[in-house]
Amino acid sequence: MLLIGSHVSFKSDSQLLGSVKEAISYGSSCFMFYTGAPQNTKRCELSYDLTVEARNLMDKNNILIDDIVIHAPYIINLANNEKKDSYSFAIDFLRNEIKRAEMLGVNKIVLHPGSFVNLDIDTGINNIINGLNQVLDKYCNVNICLETMAGKGTEIGFKLEHLKRIIDGVKYNDKVMVCIDTCHLNDAGYDLSDFDNFLNDFDKIIGINKIGCVHVNDSKNVRGSRKDRHENIGFGTIGFDNLLSVIYDERLKNIPKILESPYVTKDDNSKEKVLAPYKYEIEMIRNKKFNKDLYKDIRING
Ligand code: FE
Ligand code: FE
Ligand code: ZN
């Protein structure tokens, strides 16, 4: 079965049940969510009843809990420790996020490694290692998937070697995996037009068995731009066929593939992106056929 899904919402009133329903409405077989708003760290108390209901609905729809991924909020920055309280806040938050994941039964958390800001890259990498060592212990049931980054600003993780160094430095590194993001890889300079070749390189540097999640995004920018602006599937510089070869790669068969493509505006004149593209993008992917009228279809059925 093809493991394809998207980022979905997680609201305090419907929680995981709402996320599952949204994922099903897109025809997904896996999904990813933030346990609250991605840009802040306010988190609601988890409802046991909603979790049970959600898990039942997943069972009915053959969605496995092992294929569900949580994304940590992107303001969590383990790489910079200039402000001691924000650094320890990030560590505490991640520890709590692991607990929340365990309560939901989810065993993967995607984490942006972080930005070193005014420090240097080696110090940044050491801070990440130190942070993860404070969070992961031998009883932890959750894998932290470090995301490959575009290399915008002082982001760490735009080279596979950065992630390898972090993994090597963590004591319980059997719980550290990698999330490859196609837009970020492209913007970081990796050539995805020969994905097999990329995976061979990945295998040599980190090991394919370390891939825990794939973010499938097209990119608005050319390879090596170090920008990080996602584009709808097939409408960017990576292109539909190259993304299909990632999605259908045999070696990634059992890994959840998650779309994080931008929402679409109601018409050409409006600026507000309100329409979710995922149902239509997943349809294109399942049909293995690019739909040049994607925006039109999304707007008609809105
Ligand atoms: Fe991310
Ligand atoms: Fe991503
Ligand atoms: Zn991104």
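Guide: A residue counts as buried under 20% relative accessible area, as exposed over 50% and as partly exposed in between (1.4 Å probe, protein chains only). By that rule D228 is buried, and so is H230. This is a predicted model, where local features need pLDDT of at least 70, side-chain atom pairs count only at pLDDT 80 or more, and totals for chains, interfaces and linings use all residues. Residues are numbered from 1 along each chain as its sequence is written, chains are lettered from A and ligands numbered from 1 in the order in which they are written, and side-chain values use heavy atoms, without hydrogens or water.

Visitor: Which residues coordinate the zinc ion (ligand 3)?

Guide: Donors are N, O and S atoms within 2.8 Å of the metal (3.2 Å for Na, K and Ca), and sites may look incomplete because water is not among the atoms. Here the donor distances run from 1.9 to 2.3 Å, and the sequence spacing reads H-x43-D-x1-H. The donors are H184 (NE2), D228 (OD) and H230 (NE2).

Visitor: Which residue bridges the iron ion (ligand 1) and the iron ion (ligand 2)?

Guide: The two iron ions lie 3.2 Å apart.

Visitor: Which residues do ring pairs link into a cluster?

Guide: Rings of Phe, Tyr and Trp (its six-membered ring) pair if their centres lie within 6.5 Å; planes under 30 degrees apart are stacked, over 60 edge-to-face and the rest tilted. The whole structure holds 12 aromatic pairs, one of them edge-to-face between Y190 and F198, 5.5 Å centre to centre with 75° between the planes. F198 is buried at 3% relative accessible area. The cluster consists of Y190, F195, F198 and F202.

Visitor: Is F290 buried or partly exposed?

Guide: The rings of F240 and F290 have centres 5.6 Å apart and planes at 45°, so this pair is tilted. F240 is buried, with a relative accessible area of 8%. F290, at 31% relative accessibility, is partly exposed.
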